[in-house]
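Dear colleague,

I am handing over the structure below, with a summary of what was found in it. Please read the summary alongside the sequence and the model.

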Amino acid sequence: MTVAEVLELYYEEHQNDISENMLLGWIAELDTKIASELNKGREGLSEQAFLKDMETSFTLNAPKEYSEIYTVYLSMRTAYFLGEIERYNNSAMLFNRLSFEMSNFISRNYK
């Protein structure tokens, strides 16, 4: 999934005043964690992470089976930023589950 696709999905689900620059920073933050913590040293996986000044055509590091993790992360961060604690807690539970499952998936499928 590319950065542009993540932003498109996010905008379909959310109508708010969060700047695109902030969203790009959050995407970069998550992609850096995936590249440096999960992909590091694994055959067939990139360790190059998205940086917010890169093109939005950049392909992100989460496996396609778990690409929704980016929109869930943006939803979680947005809810926290806007002080919507109940929505934040729901998004955080989903994000944590996806993170755990993705980590296990990567460990099983990549040496």
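Met102 has a relative accessibility of 1% and therefore counts as buried, the cut-off being under 20%. Please note that this value, like those that follow, comes from a predicted model. Met102 belongs to helix 4. Residues up to four places away in sequence aside, Met102 touches Ile34, Leu38, Ala62, Pro63, Tyr66 and Ile69. With one of these, Ala62, the separation along the chain is 40 residues, while the C-alpha atoms are 7.9 Å apart.

The aromatic residues deserve a separate paragraph. How many aromatic pairs does a search of the whole structure find? The search gives six. One of them joins Phe50 and Phe58: the ring centres are 5.8 Å apart and the planes stand at 45 degrees, so this pair is tilted. Phe50 and Phe58 are both buried. Another pair, also tilted, is formed by Tyr66 and Phe105, with 5.5 Å from centre to centre and 55 degrees between the planes. This second pair links distant parts of the chain, since Tyr66 is in the loop between helix 2 and helix 3, whereas Phe105 is in helix 4 (residues 85–109), 39 residues apart. Both of these residues, Tyr66 and Phe105, are buried.

Beyond its neighbours within four places in sequence, Phe58 is in contact with Met1, Thr2, Val3, Asp31, Gln48, Ala49 and Phe50. Val3 is 55 residues from Phe58 along the chain, yet their C-alpha atoms are separated by 6.0 Å.

Finally, I turn to a pair of helices. Helix 2 (residues 20–38) and helix 3 (residues 69–82) have axes that come within 10 Å and cross at roughly 125 degrees. Helix 2 is therefore oblique to helix 3. The crossing of these two helices is right-handed. On the side of helix 2, the contact is made by Met22, Leu23, Trp26, Ile27, Glu29, Leu30, Asp31, Lys33 and Ile34. Helix 3 contributes Ile69, Tyr70, Tyr73, Leu74, Arg77, Thr78 and Phe81. Sorted by class, the residues in this contact are eleven nonpolar, one polar and four charged.

Yours sincerely

Key:
Residues numbered from 1 in each chain as written. Predicted model: local features only at pLDDT ≥ 70, side-chain atom pairs only at ≥ 80, totals over all residues. Heavy atoms only, no water. Axes fitted to C-alpha atoms, helices over the stretch in contact; angles between N-to-C directions. Helix = DSSP H or I, 4+ residues; strand = E, 2+ residues; numbered from the N terminus. Parallel < 35°, antiparallel > 145°, perpendicular 65-115°, else oblique. Left-handed = near helix turned anticlockwise from the far one by under 90°. Contact = heavy atoms within 4.5 Å. Nonpolar A, V, L, I, M, F, W, Y, C, P; charged D, E, K, R; others polar. Phe/Tyr/Trp six-rings, centres within 6.5 Å; stacked < 30°, edge-to-face > 60°. Buried < 20%, exposed > 50% of the residue type's maximum accessible area, 1.4 Å probe, protein only.
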